Amino acid sequence: MKLKADYIVTMNEKNEILLNAEVIFDKKILKVGYNLDDSPAVYLGKNSVLMPALINNHTHLEFSANTTTLNYGDFISWLNSVLENREDLFLECSGKCFKNAVDEMKKSGICAFGEISSSGNDLKYLTKQPLKVIYFNEIIGSNPAVVDMLYQDFLARIEESKKYENEKFKVAISIHSPYSVHPILMDKVIEIAKKENYIIQTHFMESKAERKWLDEGKGEFKLFFEQNFKLSKPLIKPVEFIRKFKDTKTTFVHCVHANEKELEEISKINGYISHCPVSNRLLNTGLLNLEKVKNKYIDYTVATDGKSSNYSLNLFKEIRAALLMQTELHPKYLAKDLLKSVTINAAKSLGLNNGSIETGKDADLISFKLPDKIKDIENLPLQIILHTNEVNYLYINGEEINL
């Protein structure tokens with residue numbers, strides 16, 4: 001297959017944008033450039049853009065049945081509503097619910113996603129859809145009396161998900177957060193990750209309540225844990241928690257209230273940070289300082305989180321929200337970083353061989369059209385984010401996916 005577009009956004013190390021260029025691919029990208037051979041190219045049309053397909057590296061599709069059930073505006077209020085409604089929402093999300101979630105993602109150009117699964121109920125649905133999945137079996141539980149039971153359940157879910165591994169479905173591990181997982185469980189699970197070379201995700205410093213609880217054992221979380229889990233003090237310090245992930249590939253999700261020392265520790269272990277701006281806004285937890293993250297040489301991604309704390313799984317809408325929220329940053333330069341965050345950075349965070357248009361990479365591509373031509377090519381990333389919601393074509397491993 002040979003495609004030709006007015007603008008090819010490569011997302012390679014040089015951030016090259018090629019005008020009126022071509023890409024030849026089968027399952028992988030074979031050539032990128034100009035007048036590559038004598039075979040005819042399929043021209044994608046006036047003002048067409050060809051770029052790497054998007055990667056939504058942090059989702060909770062188990063909650064996709066939620067629309068108006070959960071409480072927004074306050075983190076603790078939301079968390080209580082999750083505990084109250086979790087099982088009902090899980091039961092409400094079955095075949096059609098998961099299909100709708102995946103359809104929404106693929107129409108917005110997503111070729112792969114990282115799915116946090118706390119129950120395993122989503123497994124049979126996510127192995128039968130066309131997108132690539134990194135399937136994070138999640139461990140959660142801080143009560144020492146049930147550590148062994150939780151661990152055995154976790155091992156069973158790992159073994160079940162391993163049955164489905166193939167080129168589009170990979171098993172991974174999630175440790176929910178420093179406040180919700182007992183250190184004994186953390187150590188056991190991280191040991192598995194190291195042994196099996198599993199990628200890890202963990203929620204970290206999402207709210208002021210978490211900050212206050214882990215630092216001082218006080219605040220809103222104190223009442224929450226005493227009432228719900230009979231826990232009177234935190235089980236681990238934040239820096240100690242981060243250091244447990246040394247020698248793993250770990251993404252720390254949210255990090256809105258991570259301090260300088262914690263960001264330095266994440267940088268030291270080559271961790272990633274996943275930014276979920278709409279979720280953070282709806283739960284009123286604050287805004288991640290992207291400039292500070294960049295200055296610590298941490299690669300960040302942008303993800304939608306789940307519909308437990310979002311109204312959409314559209315990644316173009318998410319990076320547009322990030323663009324508009326980060327008012328201290330120049331929009332033209334931020335736009336370049338945001339496109340990186342949902343392509344090459346996200347690919348690296350999930351251990352995928354895509355995210356850029358370069359020879360040897362998986363042919364995971366999207367194409368769409370802008371409303372008019374771009375006079376200043378430096379503005380292309382910004383205009384893409386402002387004007388794109390859905391794509392015309394999606395290719396995964398070189399195969400055109402039905403939208």
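**Salt bridges and the parallel sheet**

Both Asp103 and Lys106 are buried (under 20% relative accessible area, with exposed over 50% and partly exposed in between; 1.4 Å probe, protein chains only). The model is predicted, so local features need pLDDT of at least 70 and side-chain atom pairs count only at pLDDT 80 or more, while totals for chains, interfaces and linings use all residues. Residues are numbered from 1 along each chain as its sequence is written, and side-chain values use heavy atoms, with hydrogens and water left out.

Asp103 and Lys106 form a salt bridge, at 3.5 Å from N to O. A salt bridge is defined here as a side-chain nitrogen of Lys or Arg within 4 Å of a carboxyl oxygen of Asp or Glu. The two residues lie three apart in helix H2 (residues 95–107), and are therefore separated by about one helical turn. Helices (H or I, at least four residues) and strands (E, at least two) are DSSP runs, numbered from the N terminus.

Helix H2 also contains Glu104. The side chain of Glu104 meets that of Lys307 in a salt bridge (3.0 Å, N to O). This pair links distant parts of the chain, 203 residues apart. Lys307 sits in the loop between S13 and helix H12 (315–325). Lys307 is buried, at 17% relative accessibility. Glu104 is partly exposed, at 22%.

Further salt bridges occur elsewhere. Arg86 and Glu87 form one, with their closest N and O atoms 2.6 Å apart. Glu87 is partly exposed at 47% relative accessibility. Arg86 is also partly exposed, with a relative accessible area of 23%. Lys28, Lys132, Asp362 and Asp364 are linked in a network of salt bridges. The count comes to 27 salt bridges.

Eight strands form an open sheet with parallel pairing. Their order is S6-S7-S8-S9-S10-S11-S12-S13. Two strands count as paired if DSSP finds at least two bridges between them. Strands S6 (54–59) and S13 (300–302) stand at the edges. Each has a single partner strand, so one side of each is left without a neighbour in the sheet. The twist averages 25° from one strand to the next.

Within the sheet, three bridges join S9 (residues 169–175) to S10 (residues 200–204). Ile175 stands opposite Thr202 in S10. Helix H4 (residues 147–162) packs on the sheet, touching S7 (110–117), S8 (132–139) and S9. Contact means heavy atoms within 4.5 Å. The direction of H4 makes about 165° with that of S8. Axes are lines fitted to C-alpha atoms, for helices over the stretch in contact, and angles run from 0 to 180 degrees between N-to-C directions.
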